[in-house]
Protein chains: 2
Amino acid sequence: MDSVNKNRERPVGMFDSGVGGLTVAREVMRNLPNENIVYFGDTARVPYGGKSKETILRYSRQIVRFLQQQDVKAIVVACNTASAFALEEIRHELDIPMIGVVKPGAKTACEATRNGRIGVIGTKGTIASGLYTEFIRKLRPDVQVIGKACPLFVPLAEEGMLKDPVTVEMAGRYLAELKEQDIDTLILGCTHYPLLRSVIREVMGEHVTLVNPAYETACSLRKLLEKTGLQSDANPGLQKGRHRFFVSDAPESFREFANSILPVDIEHTQRINIEEF
Amino acid sequence: MDSVNKNRERPVGMFDSGVGGLTVAREVMRNLPNENIVYFGDTARVPYGGKSKETILRYSRQIVRFLQQQDVKAIVVACNTASAFALEEIRHELDIPMIGVVKPGAKTACEATRNGRIGVIGTKGTIASGLYTEFIRKLRPDVQVIGKACPLFVPLAEEGMLKDPVTVEMAGRYLAELKEQDIDTLILGCTHYPLLRSVIREVMGEHVTLVNPAYETACSLRKLLEKTGLQSDANPGLQKGRHRFFVSDAPESFREFANSILPVDIEHTQRINIEEF
């Protein structure tokens, strides 16, 4: 194996404030099955939404230093808040490529809308920051963006209440306003929300396009790796332990949640002291 | 004013991982109206439940150093996790008294139960740690303690859904097991839960004694201050700005929540960098 190939077989680094980014890892596993992942979940300092830009930048820089020690070839910021607050600044400090979840989701929504009315749902932090609106308006200033915070969706998803009547009730309340506003495209602007996709689909109806930034990010990652000649050629088949998971606290409950949503069982999750990085 | 009186007029320090401990502050304001409070909410590092003992000890020591700089005469640990993990170790390092929320709640429940069957509800972290069980068994080894985690109660309380049908539905599910187990006393073992008291009361029925550790802690604080001669003699009336609030992140949303539950409006919440202490 020459050095170019060795370079290609390095893992993809990925991080989120906790378990939410696992929906992005899931899409990468499904759509880029040759790639190995090193995932870091900042479970000691979750949630990021609501924290200041300075704090998010400091946390993200620590995690990037850790991922670089793991010799990753690219970094996916699988967290809306860190994508919005830290990506642009940190990418210029690195010699490996870095992508986030916000831009791919915003781009796809702009291409999908027919009536120019796009809805965005997310945490209070994401919606208050207006980060999707900003990205969308850069691409298409003519589009109207209607944001709606759905604060109970994350705990409902983490409790595994994915099709529960309580989740249906809350989705009905949260999404009523977006339906009234006649949106034709809805961005699932929080990494947890794809887990609630079937309830959201039921409430919104078939005529609304649901944009899953986790999937769009996996597609962006594929294009990026192809463009830079970094895509893996290996065919790992069902080889175990290819993906590695690290957290800043509570590895057991992380592993339990990961195994409930990922296409492969993870056997090992290691806790590290992220504040040392 | 002589030095003894000056000493008495120093504020009471109080801390929690976030907004939950405000229910303790509320009880102190109601029951000890002469006392001034300095409250610290560790909103940058919330939640504490699920974090390791070493982490909680480190966080608590930082906060105690900050409160001592504010010249407090006593410290109330208004957080279940920190009360369990940090109180005993840190109190021996201080020359001012320190109390927590777990012991007062456990003691009252032991006195209240007639059939020796006590229920405890709390976050996953609190229930998994078995901290209330341990305190209760020390006081009354004959008592049976049945714990139940209610993970959605905190987000429901923080969303202000205090009497919402969804909250009633979730309370019905969470509490069914405790009703079947025939408990006669229920400890609201999370600082947020007193906000859901009326729904919990409705589900459990009138024959079950609800123990609110926030109220019991205020009573303990009164006894402590009287015993040590530190109770304030001042009659502040409706004087503004007597209580001071500090957080480690997002002061605006803290203030909004505080004003929704406290008997007085707070005008000012200051953000500090707790990691410098």
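Author: B:Ile90 counts as partly exposed because 18 C-beta neighbours lie inside 10 Å. The cut-offs: buried means 20 or more other C-beta atoms within 10 Å of a residue's own, exposed means 12 or fewer, and partly exposed is in between, with C-beta atoms placed from the backbone. This is a predicted model: local features need pLDDT of at least 70, side-chain atom pairs count only at pLDDT 80 or more, and totals for chains, interfaces and linings use all residues. Residues are numbered from 1 along each chain as its sequence is written, with chains lettered from A and ligands numbered from 1 in the order in which they are written.

Reader: What is the place of B:Ile90 in chain B?

Author: Helices are DSSP runs of H or I, at least four residues, numbered from the N terminus. B:Ile90 sits in helix H5 (residues 87-91) of chain B.

Reader: Which residues is B:Ile90 in contact with, leaving aside neighbours within four places in sequence?

Author: Contact means that two C-beta atoms, placed from the backbone, lie within 7 Å. B:Ile90 meets that test with B:Ser60, B:Arg61, B:Val64 and B:Met98. B:Leu57 is 33 residues away in sequence, with 8.1 Å from C-alpha to C-alpha.

Reader: Which domains does the assignment give for chain A?

Author: Domain bounds come from an automatic or database domain assignment. Chain A has domain 1 (3-100 + 215-276) and domain 2 (103-212). Their contact takes 22 residues from domain 1 and 21 residues from domain 2.

Reader: Where does the largest share of the domain 1 side come from?

Author: H12(A) supplies that share, five residues.

Technical notes: Helix = DSSP H or I, 4+ residues; strand = E, 2+ residues; numbered from the N terminus.
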